[in-house]
Amino acid sequence: TNAVPLVSANLNLSGFPALNQFIYPYITKQYDSVKVGIFGLTINDPSSNPFPVVINDSVIQIANATVTALNSQGCDVIICLSHMGYEFDNLMASVVPGIHIILGGHDHLLTTQPVLVPNPAGFSTFICHPGSHYRYAGRLRFGYNKGNVVFKNYSLVEINQSIPENTEIKNYI
């Protein structure tokens, strides 16, 4: 995986296959004994023209299939990085079984604490949106205990000059 993996499960990259080395439908990460699956979703905004890349609008079906794939790979926690907007994120959390956390954007909503949405898998999905224009980054801390994702805390970190440069990302860029 790249130093800065890009994830979007609803992109068809066949028109520009060179992007396959940079953009993945999902990635998995291992943290001690917990396997985390992370997938992304991109909104099909008429103001962007990604041609020859195609943005697939069957997002609920793609989210379902991606969660199924991540579950089949043994993921304990599933996180969606969504650029679909808060209303869609709420809908997705309520109909796609198995998404534990949605970190979202697009509509510039700022949540100071996670919004909990009942998930069909029998738990609540945490939805967090850090606002707009790179003013804040959200910092969500959670634990995993006996099959349950446990909320620890959430804070908004203001992006300003006090944030140290990340050398790995700077070198990658």
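## Briefing: fold, surface and cysteines

The protein's secondary structure comes to 3 helices and 12 strands, where helices (H or I, at least four residues) and strands (E, at least two) are DSSP runs numbered from the N terminus. Its radius of gyration is 16 Å, close to the 16 Å that the globule rule gives for 173 residues, so the protein is as compact as a globular protein of that length. That radius is taken over C-alpha atoms, and the globule rule is 2.2 Å times the number of residues to the power 0.38.

Please keep in mind that this is a predicted model, in which local features need pLDDT of at least 70, side-chain atom pairs count only at pLDDT 80 or more, and totals for chains, interfaces and linings use all residues. Residues are numbered from 1 along each chain as its sequence is written, and side-chain values use heavy atoms, with hydrogens and water left out.

**Overall build**
- Taken along the principal axes, the C-alpha atoms fill a box of roughly 45 × 40 × 30 Å.
- Of the contacts (heavy atoms within 4.5 Å) between residues at least 6 apart in sequence, 53% join residues at least 24 apart.

**Surface and charge**
- Buried residues make up 33% of the 173 residues; buried means under 20% relative accessible area, exposed over 50%, and partly exposed in between, with a 1.4 Å probe and protein chains only.
- The protein exposes about 10,100 Å², with carbon and sulfur atoms supplying 54% of it; the areas come from the Shrake-Rupley method with a 1.4 Å probe, and for residues only the protein chains shown count as cover.
- There are 8 positive and 10 negative side chains, and the centres of the two sets lie 13 Å apart.
- Lys and Arg count as positive and Asp and Glu as negative, leaving out His and the chain ends, and each charge is placed at NZ of Lys, CZ of Arg, CG of Asp or CD of Glu.

**Cysteines**
- The structure holds 0 disulfides, a disulfide being a pair of cysteine sulfur atoms within 2.5 Å.
- Cys75 is buried at 9% relative accessible area, and its sulfur is too far for a bond because the closest cysteine sulfur, in Cys80, is 13 Å away.
- Cys80 is buried too, at 0%; the cysteine sulfur closest to its own is in Cys128, 12 Å away and so too far for a bond.

**Around Pro5**
- Pro5 lies in the segment before strand E1 (6-7) and counts as partly exposed, at 24% relative accessibility.
- Leaving aside residues up to four places away in sequence, Pro5 touches Phe22, Tyr24 and Ile27.
- Pro5 and Gln21 are 16 residues apart in sequence, and their C-alpha atoms are 9.3 Å apart in space.
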